[in-house]
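Trainee: Could you walk me through this structure? I am new to it and would like to start with the loops.

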Amino acid sequence: MRDSKVETVYCNAIEFSATLQVGDSVGVYPFSIARAVQKEDPTFTREYITDDQIIIQEPLPHFLEPVELDIKRTDQNPIRVQSINSIGVTGSSVFHIGSFKHGKAVSIVRHKRILKNNK
């Protein structure tokens, strides 16, 4: 493990299972499920409720297979950061200064649009 020396980090917003971490870690696993409803007519009734239980019960896809890496570090100097300015971190993303051994970020968004002509 190395030291992470950070002078300034500014992040305007951290939302929806996002992570901001300074320093080394073993693993990072952000996870979020969100529902977005957009209506042409801004009057909401219970009709827009969707089938979220089906989404949650579906198995998550495996996009990447684990890969074994042989890493030999010769320079154990600390990580040095003078300044980072971020507008925001959201939706299971990771803002990480340091190193981590493994991680998996999952974000599921169900977006439904209700238009006047689709009734």
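**A guided look at the chain**

Mentor: Let us begin with Phe16, which is in the loop that joins strand S1 (4-11) and strand S2 (19-22). Strands here are DSSP runs of E with at least two residues, helices are runs of H or I with at least four residues, and both are numbered from the N terminus. This is a predicted model, in which local features need pLDDT of at least 70 and side-chain atom pairs count only at pLDDT 80 or more, while totals for chains, interfaces and linings use all residues. Residues are numbered from 1 along each chain as its sequence is written, and side-chain values use heavy atoms, with hydrogens and water left out.

Trainee: Is Phe16 buried or exposed?

Mentor: Phe16 counts as exposed because its relative accessibility is 59%. The classes are buried for under 20% relative accessible area, exposed for over 50%, and partly exposed in between, with a 1.4 Å probe and protein chains only.

Trainee: What about the phi of Phe16?

Mentor: Phe16 is not a glycine, yet its phi is positive, at about 50°. Most residues other than glycine have a negative phi. Ser17, in the loop between S1 and S2, also has a positive phi, near 70°, and is not glycine either. With 30% relative accessibility, Ser17 is classed as partly exposed.

Trainee: How many helices and strands does the protein chain have?

Mentor: The protein chain has one helix and eight strands. Read from the N terminus, their order is β-β-β-β-α-β-β-β-β.

Trainee: What share of the residues is buried?

Mentor: Of the 119 residues in the protein chain, 20% are buried.

Trainee: Which residues make up the largest nonpolar core?

Mentor: Seven residues do: Cys11, Ala18, Ile79, Val81, Val89, Phe95 and Ile97. Strand S5 (79-86) and strand S6 (94-97) are the elements that each give two or more residues to this core. A nonpolar core is a set of buried Ala, Val, Leu, Ile, Met, Phe, Trp, Tyr and Cys residues joined through side-chain atoms within 4.5 Å. In soluble globular proteins, nonpolar side chains tend to be buried together.

Trainee: Which residues does Val81 touch?

Mentor: Val81 is in strand S5 and counts as buried, at 17% relative accessibility. Leaving out residues up to four places away in sequence, Val81 touches Lys5, Val6, Glu7 and Ile97; contact means heavy atoms within 4.5 Å. The C-alpha atoms of Val81 and Ser4 are 7.8 Å apart, although 77 residues separate the two along the chain.

Trainee: And Phe95, what is that in contact with?

Mentor: Beyond its neighbours within four places in sequence, Phe95 contacts Val9, Thr19, Leu20, Gln21, Ile84, Ser86 and Val89.

Trainee: How much of the contacts in the protein chain is between residues 24 or more positions apart?

Mentor: Such pairs account for 79% of the contacts with a separation of 6 or more.

Trainee: Changing topic, where is Asp24?

Mentor: Asp24 is in the loop between S2 and strand S3 (25-28). With a relative accessible area of 17%, Asp24 is buried. A polar atom of its side chain lies 2.8 Å from the backbone nitrogen of Ser99.

Trainee: Finally, is Val22 buried, partly exposed or exposed?

Mentor: Val22, in strand S2, is partly exposed because its relative accessible area is 43%.

Technical notes: Polar contact = N/O pair within 3.5 Å; in protein donor to acceptor, adjacent residues only side chain to side chain.
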